[in-house]
Amino acid sequence: MKTSRVWKLGADVDTDALAPGAYMKNGIEVIAQHCLEVLRPDFAAAVCPGDVLVAGPNFGIGSSREQAAGALVHLGVRAVVAPSFSGLFFRNAFNLGLLLLTCPEAEQLRDGDAVTLVPAGVQRDNGALLPCQAIPDFLMNMIHAGGLMNLLRLRSQGKHHE
Amino acid sequence: MTPISSLASWPQTLAQKLIARAAGLPHVAVGEVVTCQVDLAMFHDSSGPRRLKPMLDALGAHIWDPHKVVLVMDHYVPAQDADAQRIVQIARDAAREWRLPNVIDSEGICHVVLPERGHLRPGMMCVGGDSHSPTGGAFGTYMFGIGATEMLGVVVTGEIWVQVPRTLRMQWTGQLARGVCAKDMMLHMIARFGMNGGQYQAVEFAGEAVMALGMQERMTLSNMSAELGAQAGLIAADDTTCAYLHAVGVNKEALHNAHQWHTDAQAECEDFHFDATVLSPQVAAPHSPANTRAVGDYVDVKLDVAYIGACTGAKLEDLRAAALVLRGHRVAQGVRLLVAPASARDQAQAEREGVMQVLRDAGAQVLPHSCGACAGYGETVEEGARVISSTARNFKGRMGPASVQVYLASPWTVAASALRGRISDVREML
């Protein structure tokens with residue numbers, strides 16, 4: 001099983017922190033360079049593909065700008081684990097193929113921890129499991145397809161073959 | 001539009017009725033995931049064509065019904081640089097290519113111009129490519145914000161999935177004091193429930209103090225449902241709703257069932273009670289709308305900028321409120337008062353009423369009627385500035401550098417604070 005490094009953030013991480021308004025004119029590669037710079041100036045440069053973000057409650061509050069989720073996808077973040085998410089951010093993340101795990105005990109995790117994502121939740125390196133809420137099948141399909149765009153493409157191809 | 005369930009014996013909330021109609025079902029249960037037909041999709045220059053067009057082209061897909069789309073240019077207008085110019089041009093080119101019949105270009109902020117042009121009516125299911133889309137809920141419309149990729153799904157299929165929400169009903173009794181308004185009610189509720197207290201459920205605003213509000217004040221309540229973390233912020237349609245819609249050209253036939261869009265008496269809601277009579281002006285300190293207390297806790301905070309702008313805080317009723325405070329006075333030395341009206345029509349009406357002249361005479365600098373500094377997209381505020389603003393969000397870095405300190409308040413309180421150069425209780429000045 002692949003382990004992931006934890007990047008720990010606090011509560012109420014907002015979309016302006018994830019995708020700052022000043023860079024919204026730019027493409028996702030530029031926005032991603034400034035992702036979370038007001039909270040963790042080192043984040044965008046140091047995060048590695050496969051890493052996991054762990055945060056307090058209300059992750060993703062604020063704007064509808066899906067670049068907030070898109071920047072994390074661009075940086076290769078594997079999942080965000082938090083006790084709760086903004087509903088709008090939640091939809092955007094799954095639409096872009098970013099896995100969000102609703103985990104009541106997320107805040108037990110510390111920065112730099114090594115964790116493994118398992119079907120029931122998040123497993124710590126000592127084997128302890130932090131359970132996560134189940135995700136409906138239609139949203140997991142979105143993750144497996146790599147986002148809504150790919151699902152729409154599959155659907156249009158399906159029609160094409162009929 | 002008629003609720004399918006209007007004769008059913010199963011009592012339904014307003015949210016349930018709206019979703020059931022759009023899903024073509026007699027009734028829906030809380031928690032159920034249903035597919036709804038979308039009556040109207042709104043997007044703007046930032047969230048719209050520049051994101052949608054490449055994806056639509058890649059799919060070889062087309063807009064399912066251009067008559068159900070409204071495109072608003074409001075975020076990057078007037079263009080401040082070459083990038084903004086390019087983004088706006090993409091929107092204008094797409095409007096032509098897609099033959100969109102409803103394009104509102106540089107005439108105001110989407111959430112204000114949408115109802116102003118009669119696009120929203122009670123009973124509709126609408127989505128918007130902007131987080132303040134719940135504003136439409138003030139018209140008995142189920143409207144919520146979605147991101148660009150989800151908007152792609154809507155414009156290709158005409159459908160959206162919704163999980164039927166619980167209804168958190170905010171019951172406001174009593175009567176607001178002079179100088180206290182919808183913005184104060186909202187900040188107070190956000191302080192009580194937190195920025196995700198709405199849990200992506202439906203919030204419904206009800207009670208005599210809500211139904212006494214005009215439509216633009218109701219829009220402020222629904223608008224800031226976004227800051228409560230609700231999916232929708234609904235208000236039942238009544239005579240005030242119908243009078244507004246009739247005045248903007250919605251015909252009587254389209255409104256004859258408007259009064260059916262309300263929560264049934266026996267429907268299950270989580271009720272919360274508030275007394276408008278005792279509400280003070282409210283102020284949210286940096287960097288969260290939930291960081292709200294009564295104005296008395298923040299008096300003596302010195303200010304550099306007073307900003308009246310945005311869909312939240314610069315509609316005609318907001319401009320009128322500011323003018324009532326500012327008439328015959330000048331803002332304090334060292335304070336810049338910036339006013340960015342929410343729409344061209346509101347600005348023109350404020351001009352006719354002499355409201356704009358009062359603001360200019362008080363020293364206000366009038367900015368274009370667009371999103372401007374609220375989103376940090378247009379002109380932003382200088383390093384280290386202390387700002388009081390009638391907008392919806394004061395996140396770190398939103399209105400400029402991270403060092404900017406933004407306090408949120410009503411247009412009444414912003415105007416009063418501009419006069420004294422520090423946060424002030426407007427009730428002392430009326």
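1. In this predicted model, the centres of domain 1 and domain 2 of chain B, taken over C-alpha atoms, are 24 Å apart. Domain 1 of chain B spans 12-275 and domain 2 spans 282-423.

2. Contact between these two domains of chain B involves 33 residues of domain 1 and 32 residues of domain 2. On the domain 1 side, the elements of chain B that supply two or more residues are α4 (110-116), α6 (182-193) and α8 (215-223). The largest share, six residues, belongs to α6(B). By type, this side of domain 1 of chain B has 13 nonpolar, 13 polar and seven charged residues.

3. Two cis peptide bonds in chain B deserve a look. One runs from B:Val77 to B:Pro78, with omega near -15 degrees; B:Pro78 sits in the loop between β3 (69-73) and α3 (82-97) of chain B. The other joins B:Pro286 and B:His287, with omega about -5 degrees, and B:His287 is in the loop between β12 (282-284) and β13 (292-294) of chain B.

4. A:Leu36, a residue other than glycine, has a positive phi near 65 degrees. Its place is the loop between α2 (28-33) and α3 (43-46) of chain A. A:Leu36 counts as buried because it has 23 C-beta neighbours inside 10 Å, and the cut-off for buried is 20 or more.

5. B:Asp300 also has a positive phi, near 85 degrees. This residue lies in the loop between β13 and β14 (305-309) of chain B. Is B:Asp300 buried or exposed? With 8 other C-beta atoms within 10 Å, B:Asp300 is exposed, since the limit for that class is 12 or fewer.

Definitions and conventions: Residues numbered from 1 in each chain as written. Chains lettered and ligands numbered in written order. Predicted model: local features only at pLDDT ≥ 70, side-chain atom pairs only at ≥ 80, totals over all residues. Domains from an automatic or database assignment. Contact = placed C-beta atoms within 7 Å. Helix = DSSP H or I, 4+ residues; strand = E, 2+ residues; numbered from the N terminus. Nonpolar A, V, L, I, M, F, W, Y, C, P; charged D, E, K, R; others polar.
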